[in-house]
Amino acid sequence: MPRFPERLEAGRPYPLGAAFDGAGANFALFSAHAERVVLCLFDRNGRREMERFDLPECTDGVWHGYLPGIAPGRPYGYRVYGPYRPLEGHRFNPNKLLLDPYAKMLLGDVRWSDALYGYRIGAQRADLSFDRRDSAAAMPKAVLVAPQPAITTPRLNHSWRDTTIYETHVKGMTATLPEAAPHERGTFAALSDPRVIDHLKRIGVTAVELMPIHSFVDDRFLVQKGLRNYWGYSTLGFFAPEPRYLSRRDPDEARIAIRRFQAAGIEVILDVVYNHTAEGSEMGPTMSFRGIDNASYYRLLPDNPRYHINDTGTGNTFNLSHPRVIQLVMDSLRHWVTDYGVDGFRFDLCSNLGREPSGFDPGAGFFDALRQDPLLAQVKLIAEPWDIGPGGYQLGNHPPGFAEWNDRYRDGVRRFWRGDEGLRPELAARIAGSADLFDHGRRMAWASVNFIAAHDGFTLRDIVSYAERHNEANGEDNNDGHSENNSSNSGVEGETDNPDIRTHRARLARSILATVFVSHGTPMILMGDEAWRSQGGNNNAYCQDTPIGWMDWEAAVSEEGERMIAFTARLAELRRSYPILRSDLFLHGTEVAPGLPDISWFEADGGQIPPENWQDPQRRAFTLQLVGTAAGGGAFDIVRVLLNAHDGMIPFAVPAETPGGWQVLLDTDKPDTAPAAVGDVVDVAPGALVILAARTEVA
């Protein structure tokens, strides 16, 4: 081990974190209420604490010092001294080793122990007590790393109108990938395997949205039940990739995977969790932020700061009203763009990030900082527009520049195809880009992220196979997860050998998926939906690091799986070929060619839908017609989408006066049928969707 000076040099308060300069490293840690900050160095294995150094200076709340001679690869942590007055919101405890919030690489895993808690578990009024056990042996360590050169490769920057998102999971996508080496399955090395990339390109994916890859913790209650935090929504470090996703524990593996996706024309979007951390409520462990400065990093009850505000449902809420917390989040986002080259972010519980003391504000400090940042304003930004706090449901209310997950779309599409009454107006609004939600503030139709399945809920196959959730494997007596899934089982709960039911389910699923691809907005597919993947009715697989939550590559090569993959690829090709299917403008019935408005709606008999018929709850079939400039110009495409959610076949009239005639491009009842000319009537099967197209020359 090198010999270091007895005390640190003054160093600098910026940048925060540990910054190696070739001769040593500067260490800087924000804590407004600390009285002393100690840097702890460990041996190369991170098991033995070797030396301690006080950070000698504090500038504007940032404690800092410079250590000459230290080299990359050295594990370290902090011990922070200050008042332990929980009733005032202060929970300093120097017996607890703390992870640097800016750690860019971790060594070791959390080893659950009562020593991780700042208070004595089991004591009377436990969280007000003080625990003196050292937690270092139970904590992962930060690792000093050399600076990475900034990514300078030009960004793919796919336009939103040409974007199709695929939500996936590093481990889940590759845990059973046959072509991957066994030690690489479940890691970034396998995720960028050519088979994965080729599969995604085949189905038209232009962006993968990776579920959390920030380092995270397996919650203690899950570990005690033999489960894991599979989804990863329990962040420990916002700058370091999760070690379990690195086959060689080298962050470069993640960088290489991202570059391989981009070389194939696929953007990489990260699902990021800045609304809370892994430390839980005031009864949770002290691993980082709580011990560094609980009163700054977390929102506390104003009249009783002993307790955390819990607008996230996880016990704590990150304090995005504090300028240093905003700085940390902004630094983290820039880190993933400059050091890893990612193309965008999906913000978990984004309403929480825009909540000021007065409530949700589209002009909140974090949103303002994000939108004016010269780097981050250029990447894709997606909001999950809700949380469980007051006024937490904010669909359509995020600032321009954001796309938003549209759960109104998900529920409306599911309910229409389930056969619910009175859904025509709702489905029409969702297909047309949800203008009622997003057509304001110069926002575009792409702002609506249209999905019918995501990680949180049923898969597409389960939507048409289960009427109830089946989460018994989660160990919570099937009480977790949503109780209402707007799903149906066609008369039999779960899997069945009945050929009629299987045929009906597959047709219905194809119609649901086709609806996503013909809707204005940004389509998103859930991992495996294109390959007929089931979770056995589990709609909350957050703890299922098992085949329940993984991509089923065996099913993908089955006859049913291959048929669904081919169908999805065909939908993607249709969307690419007909620009009117992916207009980023909201359509309001404006005439674009003689007698042809850009959007119109018809009954099955060919007549336009009169106002009173929209309100008829028994009508569950209609036609959407879209008109727009064809690819290459010089002509107009006319696309008709025929939807039949009734129990029986319905004949749809086809306009005879259209020059050039009509072709059936796709029929979800006959997915393998090639495009063909049609006559005056098209019979649409129950639960089916048919796409017709014609072309007329520009006058």
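**Figure 1. Helices α10 and α14 cross with their axes within 10 Å of each other.** The axes of helix α10 (residues 407-418) and helix α14 (residues 499-518) cross at roughly 145°; axes are lines fitted to C-alpha atoms, for helices over the stretch in contact, and angles run from 0 to 180 degrees between N-to-C directions. The contact, meaning heavy atoms within 4.5 Å, involves Tyr-409, Val-413 and Trp-417 of α10 together with Leu-508, Ser-511, Ile-512, Thr-515 and Val-516 of α14. By class, six of these residues are nonpolar, two are polar and none is charged. In this classification, Ala, Val, Leu, Ile, Met, Phe, Trp, Tyr, Cys and Pro count as nonpolar, Asp, Glu, Lys and Arg as charged, and the others, Gly among them, as polar. The model is predicted, so local features need pLDDT of at least 70 and side-chain atom pairs count only at pLDDT 80 or more, while totals for chains, interfaces and linings use all residues. Residues are numbered from 1 along each chain as its sequence is written, and side-chain values use heavy atoms, with hydrogens and water left out.

**Figure 2. Strand β23 is largely enclosed by the rest of the structure, because five of its five residues are buried.** Helices (H or I, at least four residues) and strands (E, at least two) are DSSP runs, numbered from the N terminus. Buried means under 20% relative accessible area, exposed over 50%, and partly exposed in between (1.4 Å probe, protein chains only). On one side of β23 (residues 522-526), Thr-522, Met-524 and Leu-526 are buried, and on the other Pro-523 and Ile-525 are buried. Two strands pair if DSSP finds at least two bridges between them. Strand β12 (residues 165-168) pairs with β23 in the parallel sense over three bridges, and Ile-165 stands opposite Met-524. Strand β22 (residues 448-450) also pairs with β23 in the parallel sense, over two bridges; here Val-449 stands opposite Thr-522.

**Figure 3. Four strands form an open antiparallel sheet in the order β1-β2-β6-β5.** Strands of a sheet pair through backbone hydrogen bonds, either parallel or antiparallel. At the edges stand β1 (17-20) and β5 (57-59), each with a single partner strand, so one side of each has no neighbour in the sheet. From one strand to the next, the twist averages 25°. Four bridges link β1 to strand β2 (residues 24-30) in the antiparallel sense, and Gly-17 has Ala-28 of β2 as its bridge partner.

**Figure 4. Ser-296 is a buried residue, with a relative accessible area of 2%.** Ser-296 belongs to helix α6 (residues 289-297). Its side chain makes a polar contact of 2.8 Å with that of Asp-293. A polar contact is a pair of N or O atoms within 3.5 Å; within protein, one must be able to donate a hydrogen and the other to accept it, and residues adjacent in sequence count only if both atoms are side-chain atoms. Leaving aside residues up to four places away in sequence, Ser-296 touches Phe-30, Ala-32, His-33, Asn-319, His-322 and Val-325.

**Figure 5. Backbone geometry at Pro-15, Arg-249 and Trp-532.** Most residues other than glycine have a negative phi, and most peptide bonds are trans. Tyr-14 and Pro-15 are joined by a cis peptide bond, with omega about 0°; Pro-15 is placed in the segment before β1. Arg-249 has a positive phi, near 60°, in the loop between β15 (235-241) and α5 (252-263), and is partly exposed at 37% relative accessible area. Trp-532 has a positive phi of about 65°. Trp-532 lies in the loop between β23 and α15 (553-556) and is buried, with a relative accessible area of 8%.
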